[in-house]
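Trainee: Could we go through this model together, one question at a time? I would like to see how each answer is reached.

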Amino acid sequence: MNIDTEIRHVTKPDANLFLELGFPAEEAARLHAASLQQINDTRLLKEQLMSELTEWIAQHHLKQAEAAEILMVSRPRVSDVVNKKTAKFTIDTLVEMLSRVGKPVRLAIG
């Protein structure tokens, strides 16, 4: 049995994927803008959660290795939080880390 692994198309990074999928231009533009907004909103939320963790580390004068032990993650993961590498974390993971240090997260809608 042969498995087909030929790459037939690669979408450019800034391309509108919805347009390439065949959506009408107007709808593709709307969907693309909405997806970019959602990505940005998620990034901002992650940055806010990371800032809270970074502030907690600084307030307690912890080294990254000490914070890692308390947060139950590796030291490089703490470094990623401090350096706001949002792509490496889910919102759930950041909320869980905040919970471990006694900073429960509350969701406000509106």
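Mentor: Gladly, and let us begin with a definition: buried means under 20% relative accessible area, exposed means over 50%, and partly exposed lies in between (1.4 Å probe, protein chains only). Helices (H or I, at least four residues) and strands (E, at least two) are DSSP runs, numbered from the N terminus. This is a predicted model, in which local features need pLDDT of at least 70 and side-chain atom pairs count only at pLDDT 80 or more, while totals for chains, interfaces and linings use all residues. Residues are numbered from 1 along each chain as its sequence is written, and side-chain values use heavy atoms, with hydrogens and water left out.

Trainee: Which residues of H5 are buried?

Mentor: The arc here is that of the directions from the helix axis to the C-beta atoms. Looking down the axis of H5, the buried residues fall within an arc of 100 degrees, so they line one face of the helix. The cover over them includes H2, H3 and H4. The buried residues of H5 are Leu94, Met97 and Leu98.

Trainee: Why do the buried residues of H3 sit on the same side of the helix?

Mentor: In H3 (residues 64-71), the buried residues are Ala67, Ala68 and Leu71. An α-helix has 3.6 residues a turn, so residues three or four places apart point the same way.

Trainee: Is Met72 buried or exposed?

Mentor: Met72 lies in the loop between H3 and H4, and just after H3 it takes a positive phi of about 60 degrees. Its C-alpha atom is separated by 8.5 Å from that of Arg100, 28 residues apart along the chain. With a relative accessible area of 60%, Met72 is exposed.

Trainee: At what angle do the axes of H2 and H4 cross?

Mentor: Axes are lines fitted to C-alpha atoms, for helices over the stretch in contact, and angles run from 0 to 180 degrees between N-to-C directions. H2 (residues 25-59) and H4 (residues 75-82) have axes that come within 8 Å and cross at roughly 115 degrees. Angles of 65 to 115 count as roughly perpendicular, under 35 as roughly parallel, over 145 as roughly antiparallel and the rest as oblique. That makes H2 and H4, at roughly 115 degrees, roughly perpendicular.

Trainee: Which residues in H4 meet H2?

Mentor: Contact means heavy atoms within 4.5 Å. On the H2 side, the residues are Met50, Leu53, Thr54 and Ile57. On the H4 side, they are Val78, Asp80, Val81 and Val82.

Trainee: Which residues does Thr86 touch, not counting those up to four places away in sequence?

Mentor: Thr86 lies in the loop between H4 and H5 (91-100). At 14% relative accessibility, Thr86 counts as buried. The residues touched by Thr86 are Arg43, Lys46, Glu47 and Met50.

Trainee: Which backbone oxygen does the side chain of Asn16 reach?

Mentor: Asn16 lies in the segment before H1 (17-20) and is buried, with a relative accessible area of 16%. Leaving aside neighbours within four places in sequence, Asn16 is in contact with Ala28, Ala29 and His32. At 3.0 Å, the side chain of Asn16 reaches the backbone oxygen of Ala28.

Methods. Polar contact = N/O pair within 3.5 Å; in protein donor to acceptor, adjacent residues only side chain to side chain.
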